[in-house]
Amino acid sequence: MTDLLILGPVIGSMIVAATPLLYAALGELVVEKSGVLNLGVEGLMLTGAVCGFAAGYSSGSLVVGVVGGALAGALLGALFGLLVLFLMTNQVATGLALTLFGVGLSALIGQGYVGIPMSKAGVIRIPVLSDLPILGPALFAHDALVYLGLLAVPAVAWFLYRTRAGLVLRAVGENHAAAHALGYKVLRIRFLAILFGGAMSGIAGAYLSLMYTPMWAENMTAGRGWIALALVVFATWRPGRVLVGAWLFGGVTIMQLHVQGLGFAVPSQLLSMLPYLATVVVLVAISRDVTRIRLNAPASLGKIFHPDA
Amino acid sequence: MTDTVTPRLALRGITKRFPGCLANDAVDLTLLPGEIHALLGENGAGKSTLVKIIYGIQHADSGSMLWEGAPVSVADPAAARRLGIGMVFQHFSLFDTLTVAENIALGLDDAGPMKALEGRIRAVSERYGLALDPQRHVFDLSVGERQRVEIVRCLLQDPRLLIMDEPTSVLTPQEVGKLFETLRRLAAEGRTILYISHKLEEIRALCDGATVLRGGRVVAACDPRARTARELAEMMIGEELTAPERAPQVAGADGTALRLEVRHLSTTTDNPFATNLKDVSFAVRPGEILGIAGVAGNGQAELLASLSGELPAADQGAVLIDGRAVGHLGPRGRRDLGLAFVPEERLGRGAVPELSLSENALLSGYARERLVRRGLVHFGRARGFAERIIDLFDVVAHGHRAEARSLSGGNLQKFIIGREILQKPKLLVVGQPTWGVDAGAAAAIHQALIDLARGGTAVLVVSQDLDELFVLSDRIAVLFHGRLSESRPTHSTTVEEIGLLMGGLFGTATDEEER
């Protein structure tokens, strides 16, 4: 029985580890659904992490910190949008450049903040439910951003599949020429999607520096931006599957710690490879299912739109 | 035209200049309520630019537009829709992975909730006889059904002017007949229809008035019913039209030697968007043109890929060239045996858009024209070959260095067909030889194919355009749901008979059942 009880905190920490992945991947999903491939998620997350930390530290308020992280992500996203949409640069190259830029920029901004500890965010215990065995600590004793992240999944799904704005966004990602012919502002819609994606990546970064490990360290995202990108494809562009994937990948992260703690002689490097291996396996599996790809992958993904062509 | 009726739409002196060309030069156009008006012209005559200006996608440099007597400027398509202008595009502006209802909602400014919209779609499609299921995904629909989606989308806005851009190019004759019924009913309700086409017989059957554009200018306005198709065509191209000449079939063409033989060919792919071939058999003799008709999506792509070698046959004896089993060979092996192939898609499959014409000439001609030596490209010879094609087939291009994508559809098609013909193939397989090609270039391509066959090559033409098949073919067969009908000699069959076969009525031509 005691063995089972340990499952509660383990699942709980898995969900916490999944939270930054969830934010970043949901943001990127919306961006890709509009037809833009932003490979700069890692850079956006780092910038969000350092700016969020700086804002939170100097104001003493976590809310200000998270908002600061979101704004920083959106601002850097706006730069990306300006380049790929209005100056029509190559999306892949620009995204990679954005990641490199974000690594350097965050290190520069973060010089004065290295090694300063911050107090952790308070846990919101949901009355009654948090006292349940196993399920309580697993699901109902987290900080506010975890709950908000979980709510963001149905919210994004509802936006994409139930609202007119979401329909227009999917249409733009599917066939931008046709959307343009119908009179939709392709570039404006994509720019807004990129801003949203940037803000979500910024929140993901701020979550790391303010809540997950409340401190700033260079390169502290440690590849989570890339996992988030892989997650979107892994989930075949469906929000619900992003959640499942984030838990899975979060679980692998937690497993690294527990496996070492239990004394198994598995190299930790091998375990940190697991999310990527899982992605490759899933990619191979889903590529065989043409219907599913055709139905969910945005057909204009990564293509440059020339309004006058 | 009467002076008492206020025109629905009047254009005065519309001019639009693009870098390097004058697309519209002081164009006047008057459309009356209840009129079906044809806008005629070759590719590049300025028809598309003009309707894009009417629909607000592009803006005129000068000129004015009167809508029901009042001057208007149309800023964007939404403004056009508010005025009461609807447009059905030539290349459907549909979203494959969205449902019919979602696609229609995207074209409406007041779509409202989905459930209510689905009801409105059903109501309109019943009223005008345009059967549609709002919940199906568009990639699931036939081309005719896709067009219905576009039309219903327009009708839901209750337009007073409906613009139709080349609506019949992808329909069977029976579908065309149904479309015309719908259009006449719409005109009888007082709506105006602007009908863009280069199919002259259709225009003569349908339209009350016609405006002919050439080089961006209005060259004639006439009543198409009072003109012959030949007169209209000559107004369009500005010179006398020469119909392809058909020399009698060469002797021996009906002999026993078969250049291409296909025996019980079936394909199996797990792609849900493909139509598998089922037990297809036919033969083509040297000097003969066999036409294969059918609405797109009935297995044409699979048949062409099976013949070119892109889709090798499971049974190597299913495809024979000069009696040799080649089912297992890929495209290169079959080309070595004398096959030449012109695919349906000009850009991306027939030619690489970003490469120059001489590089594109090299891609299929490198072996037979010996353009490569010891693994190194002989650019001089490649250039010579490209220039020969440009010269002999009258391709309008900025020399052999021009990128393939910079050519108009007709010129690129002439280049690709010329590239294959000059390699003196024993067997030529062509998909949609004149798809989206203007009348002048189409006539040249038809003549080239007939000349090639009369020189002893076996030619197979897969096309949706029945007029074309009747001009070219010695025999016609029809592909439907992956099955091929018996072929019939062209001189002893009719468009109506082939049209029924295209609807799937093999052997039961008296049956009036419709799909």
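**Stop 1: the domains of chain B**

Select chain B and colour it by domain: domain 1 covers 9-237, domain 2 covers 245-338 + 425-515, and domain 3 covers 352-423. These bounds come from an automatic or database domain assignment. The model is a predicted one, in which local features need pLDDT of at least 70 and side-chain atom pairs count only at pLDDT 80 or more, while totals for chains, interfaces and linings use all residues. Residues are numbered from 1 along each chain as its sequence is written, and chains are lettered from A and ligands numbered from 1 in the order in which they are written.

Next, display the contact between domain 2 and domain 3 of chain B, to which each of the two contributes 12 residues. Two residues are in contact if their C-beta atoms, placed from the backbone, lie within 7 Å. On the domain 2 side, the largest share, five residues, belongs to helix H14 (residues 439-454) of chain B. Helices (H or I, at least four residues) and strands (E, at least two) are DSSP runs, numbered from the N terminus. That side of domain 2 of chain B, facing domain 3, consists of nine nonpolar, one polar and two charged residues. Here Ala, Val, Leu, Ile, Met, Phe, Trp, Tyr, Cys and Pro count as nonpolar, Asp, Glu, Lys and Arg as charged, and the others, Gly among them, as polar.

**Stop 2: a buried strand**

Select strand E19 (residues 427-431) of chain B. Five of its five residues are buried, so E19(B) is largely enclosed by the rest of the structure. A residue is buried if 20 or more other C-beta atoms lie within 10 Å of its own, exposed if 12 or fewer, and partly exposed in between; C-beta atoms are placed from the backbone. In a regular strand the side chains alternate between the two faces of the sheet. Accordingly, look for B:Leu427, B:Val429 and B:Gly431 on one side of E19(B), with B:Leu428 and B:Val430 pointing the other way.

Strand E16 (residues 339-342) of chain B pairs with E19(B) in the parallel sense over four bridges; two strands pair if DSSP finds at least two bridges between them. In this pair, B:Val342 is opposite B:Val430. Strand E20 (residues 458-462) of chain B is also a parallel partner of E19(B), over five bridges, and there B:Leu427 is opposite B:Ala458. Follow the chain from E19(B) through H14(B) to E20(B): this β-α-β crossover is right-handed, that is, with the strands pointing away from the viewer, the path from the first strand over the helix to the second runs clockwise.

**Stop 3: an open sheet**

Select the four strands of chain B that form an open, antiparallel sheet in the order E12-E11-E14-E15. Which strands stand at the edges? They are E12 (280-284) and E15 (324-325) of chain B; each has a single partner strand, so one side of each is left without a neighbour in the sheet. E15(B) pairs with strand E14 (residues 319-321) of chain B over two bridges, and B:Leu320 is found opposite B:Ala325.

**Stop 4**

Select B:Arg370, in the loop between helix H11 (357-365) and strand E17 (372-373) of chain B. Its phi is positive, about 50 degrees, although it is not a glycine. Is B:Arg370 buried or exposed? B:Arg370 is exposed, because it has 11 C-beta neighbours inside 10 Å.

B:His481, also not a glycine, has a positive phi of about 50 degrees. Find B:His481 in the loop between strand E21 (475-480) and strand E22 (483-484) of chain B. With 15 other C-beta atoms within 10 Å, B:His481 is partly exposed.

Now select B:Arg160, between helix H5 (143-155) and strand E7 (161-165) of chain B. Leaving aside neighbours within four places in sequence, B:Arg160 is in contact with B:Arg8, B:Gly84, B:Arg191 and B:Thr192.

**Stop 5: where chain B meets chain A**

Display both chains: 19 residues of chain B are in contact with 15 residues of chain A. On the chain B side, helix H2 (77-83) and helix H3 (100-106) are the elements that give two or more residues. H3(B) gives the most, with three residues. By class, this side of chain B has 12 nonpolar, four polar and three charged residues.
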